[in-house]
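This briefing covers the pockets, cavities, salt bridges and nonpolar surface of the model shown below. The points are grouped by topic.

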Amino acid sequence: METLLFVLGIPLFGSLVLAFTGQRDIAREINVAFSLATFIATCVLTGEVISGGPIFAWHREFFIDPLNVFLVTLTAFVGLTTAIFSRPYMRIERDHGKMTPTRLRLYHSMYQLFSCTMLVALTTNNLGILWVAMEAATLTTVLLVSVYRTPASLEAAWKYFILCGVGIAQALFGTVLLYMAAEKVVGVDGGALLWTNLAAVKGRLDPGIITLAFAFLFIGYGTKVGLVPMHNWLPDAHAEGPTPVSAVLSGLLLNVAVYALLRCKVLTDGALESNLAGQLMMGFGLLSVVIAAFFLSRQKDVKRMFAYSSIEHMGLITFAFGMGGPIATYAGLLHMTVHSLIKSAIFFAVGHATQKAGTQIMSDIRGLIKVSPTVGWGMMLGSLAILGMPPFGVFASEFLILTTAMREQPWATPFLLLALGVAFAAVFSRVQPMVFGETTVKPLAHPPALLPVFIHLGLGLMLGLYIPPYLDAWYRQAARLMMGA
């Protein structure tokens, strides 16, 4: 319990501290220090769960199990590396006049508060608190997306607030319906919104109410995932907000929204005799993969292009979990991990590239390998990794998903192969001239600090060649949990 208090309390306290000191030069280091402390606390918490099993805290309102413990650590790790990346990035933005002291204070404070909301959403056992945490995450990221205060960023933040606000309202109604079904079985004083209580009696829940509840929960949390057709907020939020925000949106927020869907799917599968939840997830996941792949070929803004890439990969993850079964579920968890690592690394490289070029338009960014070899190689290797080139981890997870689809859902395999082929052609044809094209820009006097990029890429490469035993055991345990075993 004490460790969980540190996991949730450190970023919350960091937000309060940075609300008063976030405009100072030392705020960048303070932001990194709080993110590092949070990561250390999550590592300790992970060790406790591995050695002692699931943990309850605060009258069972919080619960750590194999499904969420490594997601908690992954969230804290990406939060730490993004904070490290944002140090030089925000200093340059301040020098360019984009970030004033007031905006810097807002950015640093909301960054820590956003991390806190993500960790609360992952660790809570109460589906009502999960909804509150997701709503709080929406509000904090609205402020982060709009921090530049340009007309485009304000429009993107407004679109994000409206679409995700409507979506999260649907999730609230779904949560109310879930409570109504659970109250009849668990009782008013029996913790009818505690996920562990619901999972224990899921076979006795009213199928009619659960069907309706999952429909609203799927729309609500599916909006946060960025599934088509509820995806319109995501490209604008990525393109107009600061690049560190793009990294945590793709690397953290989308994962947490998928996690919320998975918790709801476990209850729905147990209450219904049909595979309604899986069919919905397969249908909308496949639609997202195909639509996003074709939209990739139309993009001119580099951050919008990789935003559509995030929609494509979230669709693939949702499709994998919709298929179910031990292999597809394992592949979905692996893909969540490697996508978080690789996509955030790509945004780190993109951030430095767009700052140097002074634009996000891909046709105006050329010769990165000459201007800054580390940025150029980071973007090229990251792009190849996210496109599924072996031996990176994305290749391993996509291979497992495709081979499972060939056996379980052969009708979907041609669509998946077509979408992945189109996505590869669209992204590679644009990244290649950005990295290797001719340019008259002089090389950077000092190479940018891109250690987080290559740490992420190294981990993504490792997961394609070797999955550590403890991580493999987590994937297997989490897969069994999601299958009701």
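**Briefing: voids, salt bridges and surface**

Helix α3 provides the largest share of the lining of the largest cavity, with 4 residues. Helices and strands here are DSSP runs (H or I of at least four residues for helices, E of at least two for strands), numbered from the N terminus. The model is predicted: local features need pLDDT of at least 70, side-chain atom pairs count only at pLDDT 80 or more, and totals for chains, interfaces and linings use all residues. Residues are numbered from 1 along each chain as its sequence is written, and side-chain values use heavy atoms, with hydrogens and water left out.

**Cavities**

- The whole structure contains 3 cavities of 30 Å³ or more. On a 1 Å grid over the protein atoms alone, a cavity is a set of points where a 1.4 Å probe fits but cannot get out; lining residues have an atom within 4 Å of a point. Points are joined across faces, edges and corners, and a volume is the space filled by probe spheres set on them.
- The largest cavity holds about 70 Å³ of space. Its lining consists of P11, S35, T38, T75, A76, G79, L80, Q112, S115, L119 and L252. Two or more of these residues come from each of α2, α3 and α4 (101-123).
- By class, the lining of the largest cavity comprises 5 nonpolar, 6 polar and no charged residues. In this scheme Ala, Val, Leu, Ile, Met, Phe, Trp, Tyr, Cys and Pro count as nonpolar, Asp, Glu, Lys and Arg as charged, and the others, Gly among them, as polar.
- The second largest cavity has a volume of about 50 Å³. Its lining is made up of A121, T124, N125, N126, L127, L130, W195, Y259 and R263. Helices α5 (127-145) and α10 (243-271) each give two or more residues to this lining.
- The lining of the second largest cavity divides into 5 nonpolar, 3 polar and 1 charged residues.

- The largest pocket has a volume of about 400 Å³. It is lined by 16 residues, and F70, T73, L74, Y470 and L471 are the closest to its centre. A pocket is an open set of grid points with protein on both sides within 12 Å along at least five of seven lines.
- Helices α2 (27-52), α3 (69-95), α13 (326-357), α18 (451-465) and α19 (469-482) each supply at least two residues of the lining of the largest pocket. Among the contributors, α3 gives the most, with 4 residues.
- The lining of the largest pocket has 13 nonpolar, 3 polar and no charged residues.
- Of its 20 lining residues, Y89, E93, K98, Y148 and Q360 lie nearest the centre. Two or more lining residues come from each of α3, α6, α9 (233-240) and α13.
- The lining of the second largest pocket contains 5 nonpolar, 10 polar and 5 charged residues.

**Salt bridges**

- The structure holds 8 salt bridges, each defined as a side-chain nitrogen of Lys or Arg within 4 Å of a carboxyl oxygen of Asp or Glu.
- R263, which also lines the second largest cavity, forms a salt bridge with D65 at 3.0 Å, N to O. This pair links distant parts of the chain, with R263 in helix α10 and D65 in the loop between β2 (62-64) and α3, 198 residues apart. Both R263 and D65 are buried (under 20% relative accessible area; exposed is over 50% and partly exposed in between, with a 1.4 Å probe and protein chains only).
- K265 and D269 form a salt bridge at 2.7 Å, N to O. The two residues are separated by about one helical turn because they are 4 residues apart in helix α10. K265 counts as buried because its relative accessibility is 9%, whereas D269, at 24%, counts as partly exposed.
- R407 is paired with E408 in a salt bridge, with the closest N and O atoms 3.1 Å apart. E408 is partly exposed, at a relative accessible area of 44%.
- A network of salt bridges links K159, D236 and R304.

**Nonpolar surface**

- L139, W158, F161, I162 and V166 form a nonpolar patch on the surface, with about 480 Å² of accessible area together. Patches are made of residues with over 30% relative accessible area and no salt bridge; like charges are joined within 9 Å and nonpolar side chains (Val, Leu, Ile, Met, Phe, Trp, Tyr) within 5 Å. Accessible areas come from the Shrake-Rupley method with a 1.4 Å probe, and for residues only the protein chains shown count as cover.
- Helix α6 (residues 151-186) gives the most to the patch, with 4 residues.
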